Amino acid sequence: MSKKLVSMTINGKKVEEAVEPRTLLIHFLRENLNLTGAHIGCETSHCGACTVDIDGKSVKSCTHLAVQCEGADILTVEGLAKNGVLSAVQEGFHQEHGLQCGFCTPGMLVRSYRLLQENPNPTEAEIRAGISGNLCRCTGYQNIVKAVQYAAKKLQETAQA
Ligand code: FES
Ligand code: FES
């Protein structure tokens, strides 16, 4: 199958690659770019393990073709920490033990990051609704909610400082 040139920005870096038109974004990230943080769970848009941020929206990267992302600005879990410093959501998941096996965690982190951009002071119900597209088989969600609450507080404190 003939390849198409696609260019996009990923975690602040310009990327240009030739891909087959059928290549899913999750496969492009993992196989072409070695960005293996986003996981492949269901490949049917149910689990959210593959969640990345595209142009400021949480997107399940198993539902997008790489060629659809021409010109897009993409953030993956690898781009959350800056200069070796964990982002607020990463710190929250660490401090509140918001994971067990960790399989859902990259998607949860990227989704939680966007949730707090959209709503910096969410209620518990809003957090639960906000992450409802991301499934976790281990934690029962309680500590994930606490992790997002931790991150919200941290971001507010940082903004006030
Ligand atoms: S792998 Fe994309 S939603 Fe499950
Ligand atoms: S920590 Fe195992 S699936 Fe969420």
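Helices (H or I, at least four residues) and strands (E, at least two) are DSSP runs, numbered from the N terminus. The model is predicted, so local features need pLDDT of at least 70 and side-chain atom pairs count only at pLDDT 80 or more, while totals for chains, interfaces and linings use all residues. Residues are numbered from 1 along each chain as its sequence is written, chains are lettered from A and ligands numbered from 1 in the order in which they are written, and side-chain values use heavy atoms, with hydrogens and water left out.

Start with the overall layout. The chain has five helices and five strands. Read from the N terminus, the order is β-β-α-β-β-β-α-α-α-α.

Next comes overall size. Along the principal axes, the C-alpha atoms fill a box of roughly 50 × 35 × 25 Å.

Buried means under 20% relative accessible area, exposed means over 50%, and partly exposed lies in between (1.4 Å probe, protein chains only). By that scale, 45% of the 161 residues are buried. The accessible surface is about 8,500 Å², and carbon and sulfur atoms hold 49% of it. These areas come from the Shrake-Rupley method with a 1.4 Å probe; for residues, only the protein chains shown count as cover.

Contacts tell how the chain folds back on itself. A contact means heavy atoms within 4.5 Å. Take the contacts between residues at least 6 apart in sequence: 54% of them join residues at least 24 apart.

Six of its eight residues are buried, so α2 is largely enclosed by the rest of the structure. The buried ones are A88, V89, Q90, E91, G92 and F93. They pack against α3 (105–118) and α5.

After α2 comes H97, with a positive phi near 55 degrees. H97 is not a glycine. This residue sits in the loop between α2 and α3. H97 is exposed, with a relative accessible area of 56%.

N11 also has a positive phi, about 50 degrees, although it is not a glycine. Its place is the loop between β1 (4–10) and β2 (13–19). N11 is partly exposed, at 25% relative accessible area.

Charges come next. The chain carries 16 positive and 16 negative side chains, and the centres of the two sets lie 2 Å apart. Lys and Arg count as positive, Asp and Glu as negative; His and the chain ends are not counted. Each charge is placed at NZ of Lys, CZ of Arg, CG of Asp or CD of Glu.

Some of these charges pair up. A salt bridge is a side-chain nitrogen of Lys or Arg within 4 Å of a carboxyl oxygen of Asp or Glu. The count comes to six salt bridges.

One of them joins K154 and E91, at 3.1 Å from N to O. K154 is partly exposed at 30% relative accessibility. E91 is buried at 19%.

Another bridge links E124 to R128, with the closest N and O atoms 2.9 Å apart. Both residues belong to helix α4 (residues 124–130), four residues apart, about one turn of the helix. An α-helix has 3.6 residues a turn, so residues three or four places apart point the same way. E124 is partly exposed, with 36% relative accessible area. R128 is partly exposed as well, with 31%.

A further bridge brings together R111 and E118, at 3.4 Å from N to O. Where is R111 found? R111 lies in helix α3. R111 is buried, at 12% relative accessibility. Leaving out residues up to four places away in sequence, R111 touches T51, S58, E118, G130, I131 and N134.
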